[in-house]
Amino acid sequence: MTAVNQPVVPGDPVGAPACVRHPDRVTGLRCTRCERPACPECLREASVGYQCVDCVSEGRRTVRPARTFVGAELSSRLIVTPVLIALNVLLFAVTAVQAGSVMGNQNSPFFAEFFLWPAGVYYGEWWRLFTSGFLHFGPAHLALNMIALYVLGRDLEPVFGKVRFLAVYLVSLLGGGVAVYLFGAVNTPVAGASGAVYGLMGAMLVAVLRLKLNPGSALGVIGLNLVLSFTLPGISLLGHLGGLVVGAAVTAGLVYAPPARRNAWQAGAVAAAFALLVVMAFVRTGQLG
């Protein structure tokens, strides 16, 4: 029996309907979702039977993307991590070219303008609290931080998503700078992404605890790096601790946010951490004054 309002190919002996997308093709097949006639070329295998390409496209538009426990869309593609690494390498190259030396890149005018100098911050050069996190003393310093950033970013960015991962990184970076300004010597030059990297270590620990996994590996990595920070000369322990504490605190605000208003809570946690760091820096300036 021919379906109502379905085109029929002239001369077809059985009166079978034609494919809705290809009227010149007679077919006895139908989409299990919309029940319209469809030829084999227009059908795709589904969990139950076969669906036409139109229903498959509509289903893809309406299916909600998978999300992680933090609320980010699940993705294995790294974007923020390689961009941050490229930016750090680029700025190192700029300082090396200006200084005419790879090993003595800190002698460049660009480095002098943007490294963390607490006395300069006191006299109004606030950008140093942030920009110093993108400068490094020599290639070894750069390489160690970028390797750590890649290893941590490879695991955290797909779970946190681009925006949340970048927020943890930048606020941790600022936290390390503020810690140096609050408690460090006023004339000690400081630079490097270590504060942000330690913030990612803190983020990893909090995420592991939130998922109720074994925190042994995360604790071991943090413990080893803290021992090196205490024992090796020329390392900013305050910057490392500041980044670690701030990164862990901000991440706690992200992973423990109530699902009902997750985005608002997470944005508030990041904003509150940033505001607190700014206030602490202002208070310190007033005390020094």
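This briefing covers salt bridges, cysteines and a nonpolar surface patch. The model is predicted. Five salt bridges are counted, and disulfides number zero. Arg21, Arg36 and Asp54 join in a network of salt bridges. A nonpolar patch on the surface includes Ile235.

- Aspartate 54 pairs with arginine 21, and their closest N and O atoms are 2.9 Å apart.
- This pair ties together parts 33 residues apart in sequence, because aspartate 54 sits in helix α1 (residues 53–62) and arginine 21 in the segment before β1 (43–45).
- Aspartate 54 also forms a salt bridge with arginine 36, with 3.0 Å between the closest N and O atoms.
- Aspartate 54 is partly exposed, at 30% relative accessibility.
- Arginine 21 is partly exposed, with a relative accessible area of 43%.
- Arginine 36 is partly exposed, with a value of 31%.

**Arginine 25 and glutamate 41**

- Arginine 25 forms a salt bridge with glutamate 41, and the closest N and O atoms lie 2.6 Å apart.
- The two residues are 16 residues apart, with arginine 25 in the segment before β1 and glutamate 41 in the segment before β1.
- Arginine 25 counts as partly exposed, at 31% relative accessibility.
- Glutamate 41 counts as partly exposed, at 49% relative accessibility.
- Side chains of opposite charge can pair when their charged atoms come close.

**Cysteines without disulfides**

- The structure has zero disulfides.
- For cysteine 39, the closest cysteine sulfur belongs to cysteine 42 and is 3.6 Å away, so the two are too far apart for a bond.
- For cysteine 52, the closest cysteine sulfur is in cysteine 55, at 3.5 Å, which is also too far for a bond.
- The cut-off for a disulfide is a sulfur pair within 2.5 Å.
- Cysteine 39 is buried, at 4% relative accessibility.
- Cysteine 52 is buried, with a relative accessible area of 4%.

**Nonpolar surface patch**

- Leu224, Leu228, Leu232 and Ile235 make up a nonpolar patch on the surface.
- Together these residues have about 320 Å² of accessible area.
- Isoleucine 235 belongs to the loop between α8 (216–231) and α9 (237–255).
- Isoleucine 235 is partly exposed, with a relative accessible area of 31%.

Definitions and conventions
Residues numbered from 1 in each chain as written. Predicted model: local features only at pLDDT ≥ 70, side-chain atom pairs only at ≥ 80, totals over all residues. Heavy atoms only, no water. Buried < 20%, exposed > 50% of the residue type's maximum accessible area, 1.4 Å probe, protein only. Patch = residues over 30% accessible without salt bridge, like charges linked within 9 Å, V, L, I, M, F, W, Y side chains within 5 Å. Areas by Shrake-Rupley, 256 points an atom, 1.4 Å probe, with all protein chains shown as cover. Salt bridge = Lys/Arg side-chain N within 4 Å of Asp/Glu carboxyl O. Helix = DSSP H or I, 4+ residues; strand = E, 2+ residues; numbered from the N terminus.
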